[in-house]
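Visitor: Could you walk me through this model? I would like to begin with the overall layout and then turn to individual residues.

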Amino acid sequence: MAEHLRFVHLTGFAFMKANKHYSGSYKGLQYSVDLVEDGDGKAFEAAVWPGPYCREQTDPALCETARFGFDEAGMQAAEGWIEARYYADKGRWNAAAEASILDSAPWKKPEPPADAEP
């Protein structure tokens with residue numbers, strides 16, 4: 001198996017613990033790693049989506065997420081998962097790299113039907 005270029009470098013466990021968020025992009029792949037806390041405790045949640053927009057302005061159907069343990073190994077697993085998503089579908093991400101914010105409008109959450117209860 002050919003060795004792939006490593007492009008995700010989280011700045012360290014102490015940084016993630018203090019700042020709770022890290023994001024970046026690589027050739028059309030936008031990514032983030034967030035510290036999340038729920039009933040199961042703390043975890044790292046990694047997300048990937050195609051550019052050119054931020055996650056909030058991208059159709060949720062185009063976003064992929066995965067959760068990892070809240071430790072050094074979990075942080076490294078998140079880095080590896082993001083890189084694996086890129087190498088698994090380079091064509092998709094490279095096409096997204098060619099997209100321009102001038103050529104498309106950001107995704108907007110659909111309005112609820114008028115007859116829906118509040």
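Visitor: What should I know about the source and the numbering?

Guide: This is a predicted model, in which local features need pLDDT of at least 70 and side-chain atom pairs count only at pLDDT 80 or more, while totals for chains, interfaces and linings use all residues. Residues are numbered from 1 along each chain as its sequence is written, and side-chain values use heavy atoms, with hydrogens and water left out.

Visitor: Which elements does the chain have, and in what order do they run?

Guide: The protein chain has 3 helices and 4 strands, running α-β-β-β-β-α-α from the N terminus. These elements are DSSP runs numbered from the N terminus, with helices (H or I) of at least four residues and strands (E) of at least two.

Visitor: And the dimensions and the surface?

Guide: Along the principal axes, the C-alpha atoms fill a box of roughly 50 × 40 × 25 Å. The chain exposes about 7,500 Å², of which carbon and sulfur atoms supply 53%; accessible areas come from the Shrake-Rupley method with a 1.4 Å probe, and for residues only the protein chains shown count as cover.

Visitor: What share of the residues is buried?

Guide: Of the 118 residues, 33% are buried. Buried means under 20% relative accessible area, exposed means over 50%, and partly exposed lies in between (1.4 Å probe, protein chains only).

Visitor: Now the strands. Which strands pair with β3?

Guide: Strand β2 (residues 29-38) runs antiparallel to β3, joined by 10 bridges, and strand β4 (residues 64-69) pairs with β3 in the antiparallel sense over 6 bridges. Two strands pair if DSSP finds at least two bridges between them. β2 and β3 form a hairpin, with 2 residues between them.

Visitor: Is β3 (residues 41-50) mostly covered or mostly open?

Guide: β3 is mostly covered, with 8 of its 10 residues buried.

Visitor: Where does S32 sit, and what is it in contact with?

Guide: S32 lies in strand β2 and is buried, because its relative accessible area is 3%. Leaving aside neighbours within four places in sequence, S32 is in contact with residues including H21, E45, W49, R55 and I82. Contact means heavy atoms within 4.5 Å.

Visitor: Switching topic: how many aromatic pairs are there?

Guide: The count comes to 11 aromatic pairs. Rings of Phe, Tyr and Trp (its six-membered ring) pair if their centres lie within 6.5 Å; planes under 30 degrees apart count as stacked, over 60 as edge-to-face and the rest as tilted. One of the pairs is F7 with Y86, which is edge-to-face because the centres lie 5.6 Å apart and the planes are at 80 degrees.

Visitor: Which parts does that pair tie together?

Guide: F7 lies in the segment before α1 (13-19) and Y86 in helix α2 (residues 72-88), so the pair ties together parts that are 79 residues apart in sequence. F7 counts as buried at 11% relative accessibility, and Y86 counts as buried at 2%. F7, Y26, Y31, Y86 and Y87 form one aromatic cluster.
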